[in-house]
Amino acid sequence: MRSLGIIGGGQLGMFICQAAKSLGIKTSIFSENPEFSAKKFCDQYFIGKFNDNEVLENFINSADYFTIETENIPYDILDKIASVKQIFPDPQIVKICQNRLKEKRFLNSLENIRTAVYFEINSFKDLEKKISLINNNGILKTSELGYDGKGQYKIVNGKIDDLKDLNLKNFILEKILDFKKEISVIVCRKNKKVEAYPVVENIHKNSILRETIYPANLTKEVSNKALKMAIQIADELDLHGILAVEMFLMKDESIIVNELAPRPHNSGHWTLDYCEVSQFQNLINTIFLNSPKYPSPHASCKMINVIGDEFLSKEKLKKKFKFYDYFKKEIKSSRKMGHYTFKI
């Protein structure tokens with residue numbers, strides 16, 4: 001039987017395992033955490049640190065192909081796997097996406113694609129100098145490992161004194177954008193065959209995704225532009241796998257690219273219920289069938305994330321909505337514990 005190795009065992013890994021099983025493919029998980037969401041859904045798992053060579057070798061021998069459910073994996077580990085087995089996407093793509101500076105430089109090198117104005121920050125003196133160039137308002141972010149608002153500091157009216165104690169090495173400062181909407185597009189691609197999911201609208205609170213709405217309320221022109229940009233990025237990367245492209249729709253209807261994620265994405269969870277082919281199934285199709293399929297969305301809908309203590313209401317939510325439990329052992333205030341979807 002064909003088999004897929006997944007690096008990371010969170011909820012994305014869980015959904016990848018379920019999609020693989022539905023297509024007759026075995027799965028193995030490599031997790032640094034012994035308690036992980038995908039444990040009940042994979043065929044086998046390996047627990048250890050990424051630098052544990054014995055565990056890593058056993059994991060590499062467990063599957064035909066590999067994919068990731070987080071980009072925060074040491075590049076040398078991905079490179080080691082890629083030297084003997086194929087990873088979707090290629091480690092070079094992950095390397096770009098796991099570092100905000102590399103990602104911004106790549107995006108701005110493309111024709112007709114732009115990001116927010118940004119600066120590399122490696123000292124408090126850098127920060128003092130650069131914040132003045134963007135009207136003293138910006139967002140300071142770690143270049144690596146930040147997600148869901150972690151490692152981010154909003155600066156208003158140039159107030160940076162409380163950041164003096166930070167070791168400001170390998171940071172990025174971005175201009176705050178006065179945008180109209182946050183949108184995203186998910187692209188699956190292999191051997192120049194591309195399928196893009198429709199544009200969705202995303203609503204964040206405290207830098208964490210709260211809601212995704214399909215379809216996004218956009219003009220046809222803007223929607224087509226967003227799709228074209230996402231496909232252009234996938235083509236430039238020569239993507240074999242899946243890529244989420246997060247964007248800002250500005251008030252003048254222009255589009256600024258925010259971030260890339262070389263894996264299934266939270267804003268694509270609605271596809272589990274409202275597409276014939278979910279983002280997870282299309283990742284499997286891309287790897288094993290050499291070609292993604294048209295997603296065939298069939299209803300307008302919303303996806304709502306269940307965060308922190310909201311999970312305590314899961315029994316009520318189950319009665320009203322299609323509810324997905326992420327099987328996380330501990331409730332934390334900003335942790336995604338599950339999600340639910342419904343037609344609109």
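These notes go through selected features of the structure, point by point.

1. Basis. The model is predicted; local features need pLDDT of at least 70, side-chain atom pairs count only at pLDDT 80 or more, and totals for chains, interfaces and linings use all residues. Residues are numbered from 1 along each chain as its sequence is written, and side-chain values use heavy atoms, with hydrogens and water left out.

2. The parallel sheet. Helices (H or I, at least four residues) and strands (E, at least two) are DSSP runs, numbered from the N terminus. Five strands form an open sheet in the order S3-S2-S1-S4-S5, with parallel pairing; two strands pair if DSSP finds at least two bridges between them. S3 and strand S5 (86-88) are the edge strands, each pairing on one side only. From one strand to the next, the twist averages 25°. Axes here are lines fitted to C-alpha atoms, for helices over the stretch in contact, and angles run from 0 to 180 degrees between N-to-C directions.

3. S4, S5 and helix H3. Three bridges pair S4 with S5 in the parallel sense. Within S5, Ile 87 is the residue opposite Phe 66. H3 packs on the sheet and touches S1, S4 and S5, and its direction makes about 130° with that of S5. Contact means heavy atoms within 4.5 Å.

4. Helix H2. Which residues of H2 (residues 53-60) are buried? They are Val 55, Leu 56, Phe 59 and Ile 60. Seen down the axis of H2, these buried residues fall within an arc of 135°, so they line one face of the helix. The arc is that of the directions from the helix axis to the C-beta atoms. Buried means under 20% relative accessible area, exposed over 50%, and partly exposed in between (1.4 Å probe, protein chains only). The cover over the buried residues of H2 includes strands S1 (3-7), S2 (26-31), S3 (44-47) and S4 (65-68), and helix H3 (75-82).

5. Asp 64. This residue lies in the loop between H2 and S4. At 36% relative accessibility, Asp 64 counts as partly exposed. Not counting residues up to four places away in sequence, Asp 64 touches Met 1, Arg 2, Ser 3 and Lys 85. Its side chain reaches the backbone nitrogen of Ser 3 at 2.9 Å.

6. Strand S7. Four of the five residues of S7 (residues 138-142) are buried, so the strand is largely enclosed by the rest of the structure. S7 runs antiparallel to strand S8 (residues 152-155), joined by four bridges, and Leu 140 stands opposite Tyr 153 in S8. S7 also runs antiparallel to strand S9 (residues 171-175), joined by five bridges, and Thr 142 stands opposite Phe 171 in S9.

7. Ser 267. Its place is the loop between strand S15 (255-261) and helix H8 (271-274). At 1% relative accessibility, Ser 267 counts as buried. Leaving aside neighbours within four places in sequence, its contacts include Ser 184, Ile 186 and Val 200.

8. Cysteines. The structure holds zero disulfides, a disulfide being a pair of cysteine sulfur atoms within 2.5 Å. Cys 188 is buried, at 0% relative accessibility, and Cys 275 is buried at 6%.

Conventions:
Polar contact = N/O pair within 3.5 Å; in protein donor to acceptor, adjacent residues only side chain to side chain.
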